[in-house]
Amino acid sequence: MSRQVFLYDQPERFVAGTVGLPGRRTFFLQASAGSRVTSVALEKTQVAALAERMDELLDEVVRRSGGGAAVPAVAPTEIADTAPLDAPVEEEFRVGTMALAWDGEEECMIVEAQALVELDAESEEDLAEAEERLLQDEENGPPMLRVRLTGVQARAFAKRALDVVSAGRPPCPLCSLPLDPEGHVCPRQNGYRRGA
């Protein structure tokens with residue numbers, strides 16, 4: 001079976017979103033164009049890392065171009081996407097590896113999210129080698145979502161993604177772990193339950 005690649009070149013919509021209540025949310029990246037919608041699941045930390053790194057890369061593009069690149073310094077409010085994920089949300093795969101790049105010729109951000117795969121290896125070197133072979137295998141590699149975004153789309157994605165991540169449960173003021181409505185066992189309080 002050949003590798004499944006979900007390719008979106010400047011999709012109508014590319015967003016991070018969640019399904020479920022805070023504390024039990026599942027995070028997704030979702031790309032759509034016309035009637036085609038692709039949703040991939042990932043961890044909250046992956047969403048945060050992707051958004052932060054995307055902002056950093058866009059800032060670097062602006063800096064190196066001297067402001068000449070078609071990348072806004074901040075996400076334009078007029079294109080902010082606050083709508084929920086397109087339903088039904090059907091998970092294509094769970095993300096394991098992500099990559100991010102700026103194509104200077106096309107002036108676009110390239111986001112790749114590859115499926116999580118389990119590899120058997122006897123040593124760290126064997127594991128690293130097997131992982132690299134698998135990721136480079138264009139024909140039989142893991143399923144992948146590849147999205148190409150304009151600078152404006154990328155900036156808007158990063159803003160929304162960071163908003164989605166921060167919209168969960170409030171953090172404990174002492175340990176920064178999320179507070180549950182029924183309380184929180186704070187490691188900084190030696191295990192004493194702290195009210196929300």
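Two strands count as paired here if DSSP finds at least two bridges between them; helices (H or I, at least four residues) and strands (E, at least two) are DSSP runs, numbered from the N terminus. With that in hand, Ser 39 has Glu 91 in strand 5 as its bridge partner.

Some ground rules. This is a predicted model, where local features need pLDDT of at least 70 and side-chain atom pairs count only at pLDDT 80 or more, while totals for chains, interfaces and linings use all residues. Residues are numbered from 1 along each chain as its sequence is written, and side-chain values use heavy atoms, with hydrogens and water left out.

Seven strands make up an open sheet, ordered 1-7-6-5-4-3-2, with mixed pairing. At its edges sit strand 1 (5-9) and strand 2 (13-19), each pairing on one side only. On average, neighbouring strands are turned by 30 degrees against each other, direction ignored.

Strand 4 (residues 36-42) and strand 5 (residues 91-103) run parallel, joined by two bridges. Strand 5 and strand 6, by contrast, pair in the antiparallel sense over eight bridges. These two also form a hairpin with four residues between them, and Glu 107 in the turn has a positive phi of about 50 degrees. Here are some of the bridge partners:

| Residue | Bridge partner | Partner's strand |
|---|---|---|
| Ser 39 | Glu 91 | strand 5 |
| Ala 41 | Arg 94 | strand 5 |
| Asp 103 | Cys 108 | strand 6 |

**Helices on the sheet**

For angles, axes are lines fitted to C-alpha atoms (for helices over the stretch in contact), and values run from 0 to 180 degrees between N-to-C directions. Contact means heavy atoms within 4.5 Å. Helix 1 lies across strands 2, 3, 4, 5, 6 and 7, at about 15 degrees to strand 5. Helix 3 (residues 151-166) packs on the sheet too, touching strands 2, 3, 5, 6 and 7, and its direction makes about 10 degrees with that of strand 2.

A nonpolar core is a set of buried Ala, Val, Leu, Ile, Met, Phe, Trp, Tyr and Cys residues joined through side-chain atoms within 4.5 Å. The largest one has 34 residues, and among those touching the most other members are Phe 14, Met 54 and Leu 149. Helix 1 (residues 44-65) supplies its largest share, eight residues. Beyond four places in sequence, Leu 149 touches Pro 11, Phe 14, Met 54, Cys 108, Met 109, Val 111 and Ala 154.

Arg 148 is in strand 7. Is Arg 148 buried or exposed? Buried, because its relative accessibility is 18%, and the cut-offs are under 20% relative accessible area for buried, over 50% for exposed and partly exposed in between (1.4 Å probe, protein chains only). Leaving aside neighbours within four places, its contacts include Tyr 8, Asp 9, Asp 103, Glu 106 and Gln 153.
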